[in-house]
Amino acid sequence: MNNEAITDYSAVTRKKINEILSKDEIHALTTRSDWAGFWAIASTWAVIAVSFTLAAWSLTQAVWLTALVLLLCVIMIGGRQLALAIAKRLLFTGDCLTGKQAQEWGLAIESAPPAELDARFEALVQRIALMPVNQLIMMKLLLNQSVMQQGLHTTQILGTVFDGITRHTKEGYQFQQDSMAKGFMQAVRQRDEPFGDFGLDGFKKS
């Protein structure tokens with residue numbers, strides 16, 4: 001990686017975030033807000049309700065207007081449901097995705113063949129390194145606080161709790177016993193082979 005991309009900035013552009021924003025401002029950006037979380041949920045349901053209302057109203061209008069409004073409603077509602085549907089599909093089935101499939105599903109920005117992966121990665125990192133660190137920090141705070149207000153932190157905590165619970169289920173104890181008796185790799189193979197993804201490339205379709 002080209003270190004010059006990181007060191008070519010003056011002291012002004014390399015300031016730390018706490019030299020740009022006060023503690024109160026940083027706290028306001030990073031603190032979870034129940035009201036903001038409520039607003040995120042309420043606004044989503046409001047969009048869905050408005051979409052259905054518009055769809056019902058459009059049925060009494062001209063055909064071209066009906067088609068336009070219905071398309072708009074599908075986009076508005078679909079954008080809020082697609083990610084949830086993808087998550088359920090993967091969690092409920094144990095399906096495995098290739099990088100290309102992840103890109104097609106909207107889970108990745110791009111994918112590269114294995115032979116080109118390292119070069120693409122280095123090119124991306126070097127491009128990111130052209131940005132001043134203080135701006136990268138502020139942009140990350142800006143984006144992270146929006147998803148944190150939607151309940152991401154609570155979801156992460158709940159996921160950690162559920163992860164601990166699964167270790168004490170019948171299946172969790174069985175995996176532990178299999179690992180000790182047959183070895184970890186064999187236990188993983190025995191657990192994952194029914195899904196068709198242990199040591200296999202991509203997603204095994206039936």
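Mentor: What follows goes from the pocket to its lining and then to a helix pair.
This is a predicted model, in which local features need pLDDT of at least 70 and side-chain atom pairs count only at pLDDT 80 or more, while totals for chains, interfaces and linings use all residues. Residues are numbered from 1 along each chain as its sequence is written, and side-chain values use heavy atoms, with hydrogens and water left out.
The second largest pocket has a volume of about 300 Å³ (a pocket is an open set of points on a 1 Å grid where a 1.4 Å probe fits, with protein on both sides within 12 Å along at least five of seven lines, and lining residues have an atom within 4 Å of a point; the volume is the space filled by probe spheres set on the points). Of its 13 lining residues, Glu-171, Gly-172, Gln-174, Phe-175 and Arg-191 are the closest to the centre. Helices H10 (170–182) and H11 (184–192) each supply at least two lining residues (helices are DSSP runs of H or I, at least four residues), and H10 gives the largest share, seven residues.
The axes of H10 and H11, lines fitted to C-alpha atoms over the stretch in contact, come within 7 Å and cross at roughly 135°.

Methods:
Axes are lines fitted to C-alpha atoms, for helices over the stretch in contact, and angles run from 0 to 180 degrees between N-to-C directions.
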